[in-house]
Structures are given as structure tokens and as C-alpha cells.
Amino acid sequence: MHARSNTSIIALAVASTLALVSPTAFGVLSTFGGAASNINTYLGANTFYAAGFTGTNAIAANVEGQYAGNTHLTETSLTTYFKDPSAVGTLGAHPTWVVGMIGGRPVTAEPEKGRGIAYGATLWSGAIATSVSGNSFTISAASLVSPYATAMQTGVGGKKANVINSSWGNSGDLGGTGYINQVVDALAAANGTTVCVSAGNSGSGTNTVGSPGSGYNTLTVGALDGSTYNTIASFSSRGASDYTNPITGATIAGIRATVHISAPGTSLYGAQLGSTTAYDSGLAGTSFASPITAGGASLVVDAGKTLFPSNAKAVDGRVVKAVLMNSATKTSGWTNAQSVVSGVITTTRGLDYTYGAGRLNLAQAYPQYTAGTTDVAGLGGGNVLATGWDYGNVAQNAPTDYIITQPLLGGSTFTATLDWFIAASLNTSTLAASDDSFDNLDLQIWSTTGSALTSLVAQSTSLYNTAEHLNFAIPTTGFYAIRVVWAGENYDRFNDANNSDFGLAWNGTFTVVPEPAAMALPLVAFGTLLTRRRSVR
């Protein structure tokens, strides 16, 4: 198969629905009441706010069929718009809701109702539709490429978006290798952008995630339902998804975990298009779980640009994705099918097919990102603390090791997340795109003696995902290490170098290991001898 330039019109739909349910807040009390009535607080965004991070240093761009309106008082800060000349560029209620959830500003009247997750972020709006009919729209190759390339690559006014949200989808391309995914994957890889996309609303069956959610370099978000947002919404798309080799065309059914994380997606408020103060209520869909997560990513970027101003790797999409996934809360029924194989805790899927890594938890994401080890010098691993993150590289026959210098507490939970990008390419002049190379990485946890890795304890070894994830109880108190392994290639169109950059995040509970009794006794005896010698004098 060759690089493709898809110039045909594609019919698509937004990933949302107006549900007749009682509204919970996008910031305000609801008929649900209780902890989940304020989404910002419930997800822990206040932890970032308390530290002074509201998204101020982040640019978040929403790219979907239509433009978001900016007449609502919560969205008057939205002034940057972009599209291809072939796109219609009309205003839509859907993107207006979505942009408000990413970064709507609180206003005097009902301030919490309009407070987006990253309410200080700079907001952009891109449109891809060549025609619109209700909740559906059409696109062409040019109308698709232009706004994504503008946001991620060419920029506006000398600046590029740090976070992209796309709450639209195509029910096709379940294997993840179609033109839409090639375009988004290529631009994300070339620019290190965090791209949040909705999983889709195709229901509870397996293999229901279409493009761009079925791509590889995105952060695909499922929708949670209920008063505590602890269970998946019935409409939320999920895996296990198919894998298609873009070179051979061969498909393996039901093998990929396409959902990476989950967030509230029902009973939400959204700023009403055409009004300055009114809100639409009862909104539901993965369309809204995605911008909530994009807002969380924008908070991470804001913190990163402030705390690590000279380190561009700190806000790379692979790092942001690893941090958000690793800090997620495990939801009801979460499983990645870990089992003990020959004495080693093993998962061959990494993530839950429905929930991904679990529910977005920004209260945990903040210490995950700012405490402990915050990037290791160079790309080759090294000594680290029990919690942290890194942007690294791994090559064939050269594993990258992280020696945890603090002893981990036996029985405590250890979580680690590894993610990387496939290599894809896009010619923005000819509009030709292709998937080029897909490296397979594995994530391992070892027990150690000094700096030597002595025994494999746990491993995540999925074959066709770009994320590995472990969540398990440390077997015994002691010292451990994280190892990233380059395990092979699923395909390689151009015989590129066998190495891959990655984002890694981990979190464990450390303890103090007392000195062994055999070592303590001679010290006591020696101290006694010293006292006696002094008393004789």
C-alpha cells in the first residue's frame, strides 16, 4: 500500500447526544448533589489551581466540523479561528459547548457553571467541515489537513497549540490506518502535541472506536456515567479493537486497547450558542469527556512551562499522556487482565478495553508531575525516586533502565505507564499521508541488588498498542527498577533506525529499610568499647 491522499468527501458526525437526564454541573451544584456535582473539584483540578496553574501558559485548540461561538461571556477570550478555504466555517452549538468545557472563563453570574477545566488557557477554534447537516458533516483532504497543520505545525502568530481536542468521529477505520488517522498521527508525532479525541458513541459492543479515536498517537477518551462517574456510559465506544497492518492490509481482530482514559460524559452544562449567559443542560457524549481531559492536559502543560521552562520534553505529548494515564483512578470493574505467568505478573493488553487507565484524576496528576523525579538527564534512564516521569529513548538490544533508589513498601500499589508514537508522515502540499513504522515496546519491573536487575517481577507486553500499563502490589519490601525494552517492529516501511522516544510515568510508596541486626550489633559493641576506654583514662 502507498501513501494516500484522500480527496473524496467523507461523512462524519460529532460524538455527542442531548440526553434527557438531570444536569450535573460543569462547575455548579446539580440534582445529583454530593461530591460529583462540581466536575472541576471532583476531578481534582483545584490542586492545580491552588498552585497557581489555570492553563495560562497553554494553548488549547478545538478542531472539529464547525467553529465555536464566542459571544457567550465565558468564551469571549476565543479570538483565533482557522480553516481551509474549502471549509464552510459556520458556528456550531457543539463546538461551543466543547470549548467552554476546555477553558471557559468564570463570569459573575453563575461563575462555576462556566468555569472550564483550564479556565486560563488560550483558546483556538479550527473547522474542517465542507458541509453541515444537523450533527453530521463532510470533509475533504484539504479541509481536514489545514486546521490540524495550522494548530500543530505552522502555528498562528508564531505560536503552536500545545493541546488539541477533537470531539468528532467516523464510525469506520476500526483498524486505525485510514487517512484521518494518518494525518492526525503524523502531525502529533512531528510536533509532540497532546491530541485528545473522543472514543465515540457507538455503544457497548467491542471494536466500536472509529477514527480519529482508533489512531495511535492520540489520547482517546471514554465517557463515564452516574452520580459518581465510576462506571462507563452505555453509549461510550470501546475495545477490544482490530489491528490492521497498513503495509500488508492484514487485520487481527480484537487485539488493541484503543481507549486510554475516561472522564465524565453525562449530565453536563454547556455554554449556549448565540447567548451571552444561557446554558444548555443534560449534555452527554464522549464529546465532553474529551475536552474535560484536554483541559486537564492544558493544566499539566501550564505547570510544565512554568516549572520546567527550559525543558521542551516536559510538555511533549508522550509525557503528558503518561502522566494523566498513570495518575488515573481505577474505576468499578477496571481490569487489564493481569495474571501470574511463571512467577511474573503479566498483562498482554496493558489497559482496560473500556476504561483505559481509569478515570482522570488531576489531584493525583499534579504530584505525579511535580514531585519526585521530574525528567532524567539525557535519554538513557538512570537513578530515580519512587514517583516521577521521564522522556527517554530505547533501542534494539539496549534496554533503558530506571533504578529506583528508594525502597518500595511490600503490599503497596505500584503503577507505571509507558507510551510512544508510531512514525507517520504527511506532505501538507500534496496531502499524501502514510503510516511508516510501528515499534513494539515492553514495560518491565525488576527487583534489584544494588544497580543490578536480578529478578523480573511484572511486565506489560501488548503487541499492537502504543501504551503499556502496570498496576500491581509490590510483593516484598525492597528495591526495584523499571526497564523499557525495544521488543521489535509491527511494520517498517522505510527500514528506519530501531529505536523509539517514549514518555514514562511511575508511582510507588517508599519506606525506610532498617539496618540488618547483624550490622547493628558490632556498632553497639564498638561504642561500648569506646566508653570503657574513656572511663579507664
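How many aromatic pairs does a search of the whole structure find? The search finds 17 aromatic pairs, where rings of Phe, Tyr and Trp (its six-membered ring) pair if their centres lie within 6.5 Å, and where planes under 30 degrees apart count as stacked, over 60 as edge-to-face and the rest as tilted. The rings of Phe 308 and Tyr 369 have centres 5.6 Å apart and planes at 90 degrees, so this pair is edge-to-face. Phe 308 belongs to the loop between α6 (286–307) and α7, while Tyr 369 belongs to helix α8 (residues 362–370), so that the pair links distant parts of the chain, 61 residues apart. Both Phe 308 and Tyr 369 are buried, a word that stands for under 20% relative accessible area, with exposed over 50% and partly exposed in between (1.4 Å probe, protein chains only).

The model is predicted: local features need pLDDT of at least 70 and side-chain atom pairs count only at pLDDT 80 or more, whereas totals for chains, interfaces and linings use all residues. Residues are numbered from 1 along each chain as its sequence is written, and side-chain values use heavy atoms, with hydrogens and water left out.

Ring pairs also link Tyr 216, Tyr 243, Phe 438, Tyr 464 and Tyr 491 into a cluster. An arginine lies over the face of Tyr 216, and another lies over the face of Trp 446; a charge sits over a ring if NZ of Lys or CZ of Arg is within 6 Å of the ring centre and within 35 degrees of the ring normal.

| Charged residue | Ring | Distance from ring centre |
|---|---|---|
| Arg 256 | Tyr 216 | 4.1 Å |
| Arg 483 | Trp 446 | 5.3 Å |

Helices (H or I, at least four residues) and strands (E, at least two) are DSSP runs, numbered from the N terminus. Ten of the ten residues of helix α7 (residues 317–326) are buried, so this helix is largely enclosed by the rest of the structure. At the start of α7, a side-chain oxygen of Asp 316 comes within 2.8 Å of the backbone nitrogen of Arg 318.

Ser 437 is placed in strand β28 (residues 433–449) and, at 4% relative accessibility, counts as buried. Beyond its neighbours within four places in sequence, Ser 437 is in contact (heavy atoms within 4.5 Å) with residues including Ile 422, Tyr 491 and Asp 496.

His 469, in strand β30 (residues 467–473), counts as buried at 0% relative accessibility.

How values were computed
A polar contact is a pair of N or O atoms within 3.5 Å; within protein, one must be able to donate a hydrogen and the other to accept it, and residues adjacent in sequence count only if both atoms are side-chain atoms.
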